Amino acid sequence: MREPQVDYAAVFRALPGMVALLTPDLVYVDANDDFVRLSGRTREQLLGRYIFDVFPENPEDPASTGMRETETSMLRTVATGERETMALIRYDIEDPARPGHWQEHYWSPVNAPVLGPDGKVVLVVHRVEEVTEFIRAFGLQSGDSGAGALEAELYTRARELQGVNERLRTAHAREREVALALQAAMLPPPGPTGPHAVAVRYQPAVGTLNVCGDWYDLVDLPGGSLAVAVGDVVGHGLAAACVMGQLRSALSGATRLADGPAQALDALDLYARSVEGAESTSVVTTFIGWDSGTITYSCAGHPPPALVHPDGTVTFLDQATDPSLGARPERVPRPQARAPFTEGSVLVLYTDGLIERHDEDIDAGLARLADSLTRHRHADPEALADALLTDLLPPAGNTDDTALIVLRL
C-alpha cells in the first residue's frame, strides 16, 4: 500500500501547545497556531524578529529574571546541542491592545535542538506551557488568604531547583576542564619513530563528564623495536583520569622490562588489582619488530588492532584475546600472538568509542572501520586519523571518549 504523503508544515501548525522555531541567533522562523493565538501576537509580528524584541522584559519589575534565564537556556542549547528543560519562570507579557500594561504570566519552557548534517544546531524548538491559570486555580482552592502563599511557594521551589541545576552545571564544567587538562598533560605527542610516520588522537566525549578514561602510549624498546598500546578505564571524570595515569605509567614501565606484550599485561594486571577503580580496564599492547616484520600482541578485553595491508585487505589482530584487567579471581598467564606485516602496511589501535554504538552489534562497527581503512589506506597517518574520526564518529559527537593511534609500518 502506498504510504500517505504527510504535510509536515500543516502538522507543525496544528500541534497542541505553544511551539516556535528559532535560529541559533534566536530569531523566529515559524510558530504554530497555538503560539500565535496564546501569545497575543500575529505571525507577522513574530517571524524574522529577535525573540526578546517581541517579548521584552517588564521594565516595571527590575527583579525579574525571566528573560535572562530564557536566553541563557536557549544559548546553552545552541552551544551544547542538548535539550534544556527549564524550571518554572515568571515572564510578564505586555498587553498588545494596551501598550505599557503588563500581564503577569508563569511559564514552563523546554528548548530542544534541531541538528544539521554536520551535527551543529540549525534551529531551536522552543515549547512553552503557560501555567498561570493553574497556579491561580490552586491558589483559589486554598482560599484567598492562601493564594499568594501557594504561588510564592511554587515559585520559590522552582527558583531553588534552577539554582541547584546551575551549580551542578558549573561544577561539572569545571571538572571537565580540569580532567581535559590532566588528560593533555598525560598524553603528550609521540616522540620520534624514525622513518615510520605516526599520528595520535584523543577525542573527548560530548557529555560533560564522559571524558578521560582512554589513553595511548608508544615506547621505544631495547634493540630498536617499538611498543604501541591503547587502554580504556571504566568510568569518567577526574577519578578515571587519575586511574588512567597510573595504569599508563605502570604499563610503560612494565613494557621496557617484559619479554613480550603478554608478560607486560601480566604485570599490569597484578598492579591494577591494587588500584581502586582499575577493575575491568581494557588494554591492548603490540610489540613491533622492524627486523622480523612481525607484530606481537596481547589483548585484555579490548577491541582488536587493525592491520591494513597495502592491497587494502584488513586483518583484525584477535588471536590473543583475554578478559580485561582484574576480571579473573585468580591470575592466569595471558596469551600473545604474532602477525606478519609488509612495508607500507598501517597499524591502527583505538578504543571502543570509535566503533561501538549502543543500538548495534560490534561487528557492524568493525566493518565500518575496515571499510574506512581500505578507502583511505594511502593517506598519510595524520590525514588517515582525521578521516577515521570523520567517518566513524556520529555527526552530533561521540558519547564516549576515543583514543586512536595510526602507524605507517
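**Close-up views of a predicted model**

**View 1. Lining of the largest cavity.** Thirteen residues, written 13 in the count used here, line the largest cavity, and D269, R273, R328, V332 and R334 are the ones nearest its centre. On a 1 Å grid over the protein atoms alone, a cavity is a set of points where a 1.4 Å probe fits but cannot get out, and lining residues have an atom within 4 Å of a point. The volume of the largest cavity is about 80 Å³, where a volume is the space filled by probe spheres set on the points, joined across faces, edges and corners. Its lining comprises 3 nonpolar, 2 polar and 8 charged residues (nonpolar: Ala, Val, Leu, Ile, Met, Phe, Trp, Tyr, Cys and Pro; charged: Asp, Glu, Lys and Arg; polar: the others, Gly among them). The structure contains 2 cavities of 30 Å³ or more. The model is predicted: local features need pLDDT of at least 70 and side-chain atom pairs count only at pLDDT 80 or more, whereas totals for chains, interfaces and linings use all residues. Residues are numbered from 1 along each chain as its sequence is written, and side-chain values use heavy atoms, with hydrogens and water left out.

**View 2. The second largest pocket.** A pocket is an open set of grid points with protein on both sides within 12 Å along at least five of seven lines. At least two lining residues come from each of α2 (33-39), α4 (51-54), β7 (106-115) and β8 (121-130), and α2 gives the largest share, 3 residues. Helices (H or I, at least four residues) and strands (E, at least two) are DSSP runs, numbered from the N terminus. The lining is made up of 14 nonpolar, 6 polar and 2 charged residues.

View 3. Strands β1 (residues 18-22) and β2 (residues 28-31) run antiparallel and are joined by 3 bridges; two strands pair if DSSP finds at least two bridges between them. L22 lies opposite Y28 of β2. Between the strands are 5 residues, and L26 adopts a positive phi near 70 degrees in this hairpin.

View 4. S298 belongs to strand β13 (residues 294-300) and is buried, at a relative accessible area of 0% (buried, under 20%; exposed, over 50%; partly exposed, in between; 1.4 Å probe, protein chains only). Leaving aside residues up to four places away in sequence, S298 touches residues including P261, L265, V283, A320 and R334, contact meaning heavy atoms within 4.5 Å. Strand β13 runs antiparallel to β17, with 4 bridges between them, and I295 has A339 of β17 as its bridge partner.

**View 5. Helix α11 and its cover.** The 12 residues of α11 (residues 381-392) reach 16 Å from first C-alpha to last, close to the 16 Å expected at 1.5 Å a residue; the expected span is 1.5 Å times one less than the number of residues. Buried positions in α11 are P381, L384, A385, A387, L388, L389 and L392. Their cover includes β9 (198-203), β18 (346-350), α10 (362-376) and β19 (402-408).
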